[in-house]
Amino acid sequence: QVQLVESGGGLVQAGGSLRLSCNVSGSIFSMYAMGWYRQAPGKQRELVWFSISGDGGRTTYADAVKDRFTVSIDNAKNTLFLQMNSLKPEDTAVYYCRAVITSPEFKDFWGHGTQVTVSS
């Protein structure tokens with residue numbers, strides 16, 4: 001089992017910054033894929049960032065956050081970070097961390113989320 005705990009959310013004014021953290025109960029290096037997602041009120045959960053380490057690797061940022069959000073990893077602390085700059089009211093959402101493993105079988109794990117609210 002992989003446990004994910006997000007933190008760092010809060011209330012920020014438009015144009016401000018926040019850094020979210022996702023602490024992983026295992027080695028991030030061993031994960032097949034990791035991701036950040038968000039869900040705004042009344043909307044479906046959407047991808048913010050997704051990275052596959054296996055199968056040649058591939059990283060994707062959502063168009064809405066490119067050039068504003070950056071993901072980094074501290075492998076020593078098993079922590080994934082989402083640095084969010086130039087925040088907009090439309091970034092308001094609950095942000096979730098996701099981990100995917102494929103061995104010994106495919107499994108998908110999600111954190112409980114952290115609320116980000118951007119005021120105009």
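Let's start with a charge on a ring. Arg-19 lies over the face of Phe-81, 4.0 Å from the ring centre. The rule here asks for NZ of Lys or CZ of Arg within 6 Å of the ring centre and within 35 degrees of the ring normal. There is another case to show. Arg-45 has its charged end over the ring of Trp-110, at 4.7 Å from the centre. Keep Trp-110 in mind.

A word on what you are looking at. This is a predicted model, where local features need pLDDT of at least 70 and side-chain atom pairs count only at pLDDT 80 or more, while totals for chains, interfaces and linings use all residues. Residues are numbered from 1 along each chain as its sequence is written, and side-chain values use heavy atoms, with hydrogens and water left out.

How many aromatic pairs does a search of the whole structure find? Two. Rings of Phe, Tyr and Trp (its six-membered ring) pair if their centres lie within 6.5 Å; planes under 30 degrees apart are stacked, over 60 edge-to-face, and the rest tilted. Take Tyr-37 and Phe-50. Their ring centres are 6.5 Å apart and their planes stand at 70°, so this pair is edge-to-face. Tyr-37 sits in strand β4 and Phe-50 in strand β5 (residues 46–52), 13 residues apart, so the pair links distant parts of the chain. Strands are DSSP runs of E, at least two residues, and helices are runs of H or I, at least four, numbered from the N terminus.

Now Tyr-37 with Trp-110. That pair is edge-to-face too, with 4.9 Å between centres and 65° between planes. Tyr-37 is in strand β4 and Trp-110 in strand β10 (residues 107–110), so the pair ties together parts 73 residues apart in sequence. Put together, Tyr-37, Phe-50 and Trp-110 make one aromatic cluster.

Trp-110 is partly exposed, at 32%. Phe-50 is buried, as is Tyr-37. The cut-offs: buried is under 20% relative accessible area, exposed is over 50%, partly exposed is in between (1.4 Å probe, protein chains only).

Next, salt bridges. Side chains of opposite charge can pair when their charged atoms come close. We count a side-chain nitrogen of Lys or Arg within 4 Å of a carboxyl oxygen of Asp or Glu. The structure holds six. Look at Arg-38. Its side chain meets that of Glu-46, N to O 2.7 Å. Arg-38 also bridges to Asp-91, with the closest N and O atoms 2.9 Å apart. Asp-91 lies in the loop between β8 (79–84) and β9, and Arg-38 in strand β4 (residues 33–39), so that pair ties together parts 53 residues apart in sequence. Arg-38 is buried, at 6%. Asp-91 is buried as well. Glu-46 is partly exposed, at 37%.

Another bridge joins Glu-105 and Lys-107, at 3.7 Å. Glu-105 is partly exposed at 44%. Lys-107 is partly exposed at 32%.

Last stop, the disulfide. The rule is two cysteine sulfur atoms within 2.5 Å, and the count is one. Cys-22 joins Cys-97, S to S 2.1 Å. The link is left-handed, with -85° about the S-S bond. Cys-22 lies in strand β3 (residues 18–24) and Cys-97 in strand β9 (residues 93–101), so the pair ties together parts 75 residues apart in sequence. Cys-22 is buried, at 0%. Cys-97 is buried, also at 0%.
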